[in-house]
Amino acid sequence: MIETDILIIGAGPTGLFAVFEAGLLKLKCHIIDALPQIGGQLSELYPKKPIYDIPGFPEVLAGDLVSNLMEQIKQFQPGFTLNETAETIDKLDDGTFIITTNKGTKHHAKAVAIAGGLGSFEPRKPLIENIEYYEDKGVEYFVKDPELFRNKKIVIAGGGDSALDWSIFLADVAAEVTLIHRRNEFRGALDSVEKLQECKKMGSVKLITPAEVTSLHGETHLNAISINKDGDVATIETDYFIPLFGLTPKLGAIANWGLEIEKNAIKVNNALDYQTNIDGIYAIGDVNTYPGKLKLILCGFHEATLMCQSVYQRINPGKKYVLKYTTVSGVDGFDGTRKEAEKAVIKAIE
Amino acid sequence: MPQDITLKITDRNGQIHEVQAPTDMNMNIMEVVRMHELAAEGTIGICGGMAMCASCQCYILNEIEIPKKSDEEDAMLSEAFNVKENSRLGCQITITSAIDGLAIELAPED
């Protein structure tokens, strides 16, 4: 069982910054995220896009903002449960919570902060009949373990970065890689497009464009797919079909936690501490809604700060607290490091 | 004073809405749909309007001339579902007086 003070759901900018504010109050955080990497939308959707409305940064790439946040919070040693989604929550008699993920990982926390953005990212499934029947029987929406495909025949569909990158990577692992895309053009980093061109020349990736996968075949496991290329239907034998059409966020299991939901967002008491209708569960950042809500990263930072103050009071009832400034008191990390302003020299000049 | 324009938007339930959209706010069609709450929050404009998801896909229903697709929009649509000849990404169509009277239908949520 993972023990923490604040269990944060969502490793986007709001969730990450909450670790810093909690750390100043000596509260320990652990973060769950459905994606294998931190950063939420910023890492998944637009790491190379500039953001212009982060105070103090005239311009910062989304990916750099995530790296900076990680640098800022590292001394507070946050724990991470990545690649898992928060599935169930149980409130214990003492007011603490047990949160269990879809893989059964259990977390025990004194408070929960949902910083889930628009929800956890789930794969966009192509509209092919019976595709759900073949899930875990030859259809994979993620490449979790490339070894699964060793010496197997695989077909990848899609035209973006992940379709390109996995085709190139798996060319050295699988027995046969076929990449199918609806168009002749691919959308990805120049480097990846060039590498794929090379794989095609070498014969390690077979490219079929413009074409679409139309049906899946096999009794107990996928063994072939049908494709439509310019109106001609062909069947290709394959062990695996990996459709990579990007991810879409869904609120998922959190929607069944008994929280008040309005317009796909979690209702909170604004201007106080962003607590939900369940005592001890907070919602911060894009996932919450209240009168006047703005879905901006900078507002998420503010909400995270107020949430941490509220959790501090919850964990230390009755304890008086005076707000401290980092310029004055510095930052004491849980790892034993200390950051502080350089002391001025006081010395007589002779 | 710039004039508002009128757009005819068919929502995902087939209901037609005639809405006003300002031309002086650098808005796009996806934002107009959100402004008038014609699609559930969280189901449209997921990437914020960067042509990086296809949640604002719509079908153009009349002959009004609109700016051509950029390569980015074209590439995103090539990965979207339910794509038709007249598909566009709402976030890539800016509200200007040139598109007054445009009629669109929102593509299904995927």
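Here is a walk through a predicted model, starting with its sheets and ending with its charged pairs.

Let's begin in chain A with a sheet you can trace strand by strand. Four strands make up this open sheet, in the order β12-β11-β10-β16, and they pair in the parallel sense. Look at the two edges: β12 (205-208) and β16 (240-243) of chain A each have a single partner strand, so one side of each has no neighbour in the sheet. Going from one strand to the next, the twist averages 20 degrees. Now zoom in on one pairing. Strand β10 of chain A, residues 153-157, runs parallel to β16(A), and four bridges connect the two.

Now hop over to chain B. Here you'll find an open sheet of five strands, ordered β2-β1-β5-β3-β4, and the pairing is mixed. Its edge strands are β2 (16-21) and β4 (87-89) of chain B, each of which pairs on one side only. The twist here averages 35 degrees from one strand to the next. For a closer look, take strand β3 of chain B (residues 57-60): it pairs with β4(B) in the antiparallel sense, over three bridges. Within that region, B:Y59 has B:S87 in β4(B) as its bridge partner.

Most residues other than glycine have a negative phi, and most peptide bonds are trans. With that in mind, check the peptide bond from A:T209 to A:P210: it is cis, with omega near -15 degrees. A:P210 sits in the loop between β12 and β13 (211-217) of chain A. Two asparagines are worth a visit as well. A:N83 has a phi near 65 degrees, a positive value in a residue other than glycine. You'll find A:N83 in the loop between β5 (79-82) and β6 (86-91) of chain A, and it counts as partly exposed because its relative accessibility is 32%. A:N151 has a positive phi too, about 60 degrees, although it isn't a glycine. This residue is in the loop between β9 (120-123) and β10 of chain A. Is A:N151 buried or exposed? Its relative accessibility is 60%, so it counts as exposed.

A:T289 has a relative accessible area of 17%, and buried means under 20%, so it is buried. Leaving out residues up to four places away in sequence, A:T289 touches A:E262, A:A265, A:I266, A:K267 and A:V268.

Two of those contacts bring us to the salt bridges: the side chains of A:K267 and A:E262 meet in one, with N to O at 3.6 Å. A:K267 is partly exposed because its relative accessibility is 33%, and A:E262 is partly exposed at 33%. Over all chains, the structure holds 24 salt bridges. Another one joins A:D279 and A:R314, whose closest N and O atoms are 3.2 Å apart. This pair links distant parts of the chain: A:D279 is in the loop between β19 (265-267) and β20 (281-283) of chain A, while A:R314 is in helix α6 of chain A, 35 residues apart. There's also a network of salt bridges that links A:R183, A:E185, B:K69 and B:D74.

Which residues make a nonpolar surface patch of about 220 Å²? They are A:L294, A:L296 and A:L298. A:L296 lies in the loop between β21 (288-289) and α6 (297-315) of chain A, and it counts as partly exposed because its relative accessibility is 32%.

Definitions and conventions
Residues are numbered from 1 along each chain as its sequence is written. Chains are lettered from A and ligands numbered from 1 in the order in which they are written. This is a predicted model: local features need pLDDT of at least 70, side-chain atom pairs count only at pLDDT 80 or more; totals for chains, interfaces and linings use all residues. Side-chain values use heavy atoms; hydrogens and water are left out. Patches are made of residues with over 30% relative accessible area and no salt bridge: like charges are joined within 9 Å, nonpolar side chains (Val, Leu, Ile, Met, Phe, Trp, Tyr) within 5 Å. Accessible areas come from the Shrake-Rupley method with a 1.4 Å probe; for residues, only the protein chains shown count as cover. A salt bridge is a side-chain nitrogen of Lys or Arg within 4 Å of a carboxyl oxygen of Asp or Glu. Buried means under 20% relative accessible area, exposed over 50%, partly exposed in between (1.4 Å probe, protein chains only). Two strands pair if DSSP finds at least two bridges between them. Axes are lines fitted to C-alpha atoms, for helices over the stretch in contact, and angles run from 0 to 180 degrees between N-to-C directions. Contact means heavy atoms within 4.5 Å.
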